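Here's a quick briefing to read alongside the model.

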Amino acid sequence: MTDDQGGVGAGAQLAGGFGSSGRGPRLLSGGGRRATVISTASTLVVLAALAAIFWFAPGSAAVRHTFFNPQDMWQSFVGNPRKGYYSVGEALWLNIRMFLVAEVLILALALVIALARQSTSPVMFPFRVLAMIYVDFFRGVPLLLVVFVIGLGVPALRLPFVSSQSAAIYGVCALVLSYSAYVSEVYRAGLNSVHQSQVAGARSLGLSHATALRYVILPQAVRNIIPPLLNDFISLQKDTALVGVLGAIEANEAAQIYSSTVFNFSSFTVAAILFLILTIPLARFTDRLVARDRARRLAGGLR
Amino acid sequence: MSGGAAGYAPAAISIEHVDKSFGANQVLSGISLEVAPHEVICLIGASGSGKSTLLRCINLLEPIDAGRISLLGHPVTGGNIDQNLVRRQVGIVFQSFNLFPHMTVLRNVTLAPTKALRMPRADAEQQARELLTRFGLQDKQHEYPDRLSGGQQQRVAIVRALAMQPQIMLLDEVTSALDPELVAEVLDLIRELASGGMTMLIATHEMSFARDIANRVCFLEEGRIIEDAPPARLFSSPQDDRTKRFLRRIVEAGRL
């Protein structure tokens with residue numbers, strides 16, 4: 001085999017590897033070795049330009065010291081309670097727990113709201129109106145305000161039990177109230193995406209409304225809305241940082257405490273990196289689901 | 001089979017002066033029709049003549065504006081009717097199959113018996129397998145609907161309705177969405193149901209099939225039954241001018 005043939009073979013392999021593996025649009029599109037060389041070169045040039053701007057800017061040294069000081073980054077990541085600051089890494093665990101609890105509650109509450117809004121019977125009229133007001137209200141009010149009102153207002157009521165919970169619990173309540181409004185609209189879009197003939201098919205078999213919903217409509221609706229749902233959950237993951245304003249020691253608040261103790265912002269860089277480590281896998285997973293769904297629709301599969 | 005001596009059995013379906021409008025569009029005007037037990041009646045007529053709406057009204061999928069419908073001697077219109085109970089006695093199959101795409105064939109067939117009749121799952125699956133075998137679908141039971149041909153999907157849809165052990169079957173243009181070569185397998189299935197004594201009301205565009213299978217054929221136009229006669233008479237010597245005109249168009253289109 002001559003060099004030339006070997007080259008062509010490798011190029012074809014690359015094109016196959018990147019271009020036509022059938023998962024929808026890819027970062028690297030096909031086109032063989034030439035395209036790979038060009039994309040690599042262009043990436044290097046862009047990165048080098050950005051690095052140069054950052055490095056040779058007049059205030060570069062100061063910025064690097066304030067935001068990217070390796071020692072401060074490490075200190076804030078591990079924390080030191082005796083010096084008055086907490087570990088950002090450990091505080092992230094609170095974000096994760098708040099996210100997981102809120103996620104489950106949001107999925108349940110949003111479904112109830114969506115079903116109330118979708119109901120047609122006259123008996124349900126007051127619930128329909130309530131659900132509409134709920135969604136309008138919590139979609140219109142900034143999340144930060146909801147966090148403040150719940151986190152500071154409810155304790156001030158001095159009710160037994162209800163007013164003596166931790167900041168994290170109030171924070172989760174605020175997140176659930178606000179996100180349920182958004183997610184209920186996602187559910188509603190999903191319910192509407194299931195064709196009316198499926199309802200007729202189920203009801204004509206003598207299935208009750210509830211049974212038809214449970215076994216026929218909802219499974220199809222949920223399948224259609226998994227990508228937008230995951231999208232909302234990506235933003236929920238970082239919005240758990242807002243609960244810090246109530247004094248809960250989550251990652252962002254821990255970073256804040258570090259920076260005001262040591263007067264260095266590198267702790268925020270650490271928090272940002274940690275949030276990225278959480279959100280990027282979910283984002284890539286969502287992309288994969290969307291691509292798979294697209295492929296399935298193109299293949300003329302599920303309606 | 002149900003019912004006593006033929007002469008005393010109540011009509012399987014009794015429709016009296018039924019009106020139905022969608023907004024300003026009157027789809028059924030004063031329709032009356034009796035179907036005796038084990039009778040097979042075909043409804044023919046142009047699209048929009050009210051055939052489908054009539055079937056959907058009998059299954060209570062559409063409320064009627066005026067008139068009465070009784071099934072097996074019991075009124076099903078008016079107040080205080082358990083719609084689900086009625087629908088369990090009356091199977092309906094649609095032009096567009098309406099199979100549940102997220103369930104296997106077997107689950108499509110067993111869902112209603114297990115959930116609506118509370119039949120134990122093993123019994124429902126046993127019954128489903130017997131029905132699927134009877135209609136040549138036994139090797140498809142674990143497939144999803146999108147893996148089946150149109151004809152197979154429609155046969156599964158009919159089996160799904162039969163799994164509720166209905167007394168009456170309503171078939172709404174069940175071959176209209178099928179490729180021509182797939183029509184025969186579905187019509188054969190319906191023939192077998194008819195020979196088994198199933199009471200059926202069939203809206204169809206398949207004239208030769210109607211002539212072949214029906215005890216009576218009703219021609220509908222503008223929400224009225226124009227002519228109601230045994231197929232031999234309706235197709236060879238129609239009485240009403242409108243029936244003649246319709247049949248002439250069918251013949252010209254090469255469909256009879």
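Helices (H or I, at least four residues) and strands (E, at least two) are DSSP runs, numbered from the N terminus. This is a predicted model, where local features need pLDDT of at least 70, side-chain atom pairs count only at pLDDT 80 or more, and totals for chains, interfaces and linings use all residues. Residues are numbered from 1 along each chain as its sequence is written, chains are lettered from A and ligands numbered from 1 in the order written, and side-chain values use heavy atoms, with hydrogens and water left out.

**Salt bridges**
- Searching the whole structure turns up 18 salt bridges over all chains (a side-chain nitrogen of Lys or Arg within 4 Å of a carboxyl oxygen of Asp or Glu).
- Arg284(A) pairs with Asp287(A), with the closest N and O atoms 2.8 Å apart.
- Both sit in helix α12 (residues 266-298) of chain A, three residues apart, or about one turn of the helix.
- In chain B, Lys51(B) bridges to Glu173(B) at 3.5 Å, N to O.
- Lys51(B) is in helix α1 (residues 51-58) and Glu173(B) in the loop between β7 (168-172) and α6 (180-195), so the pair ties together parts 122 residues apart in sequence.
- Arg117(A), Glu185(A) and Arg188(A) join up in a network of salt bridges.

**Confidence**
- Chain B has an average pLDDT of 91, with 96% of residues scoring at least 70 (pLDDT is the predictor's confidence in each residue, from 0 to 100).
- For chain A the mean is 87, and 87% of residues reach 70 or more.
- Over residues 1-24 of chain A, pLDDT is below 50.

Notes
Contact means heavy atoms within 4.5 Å.
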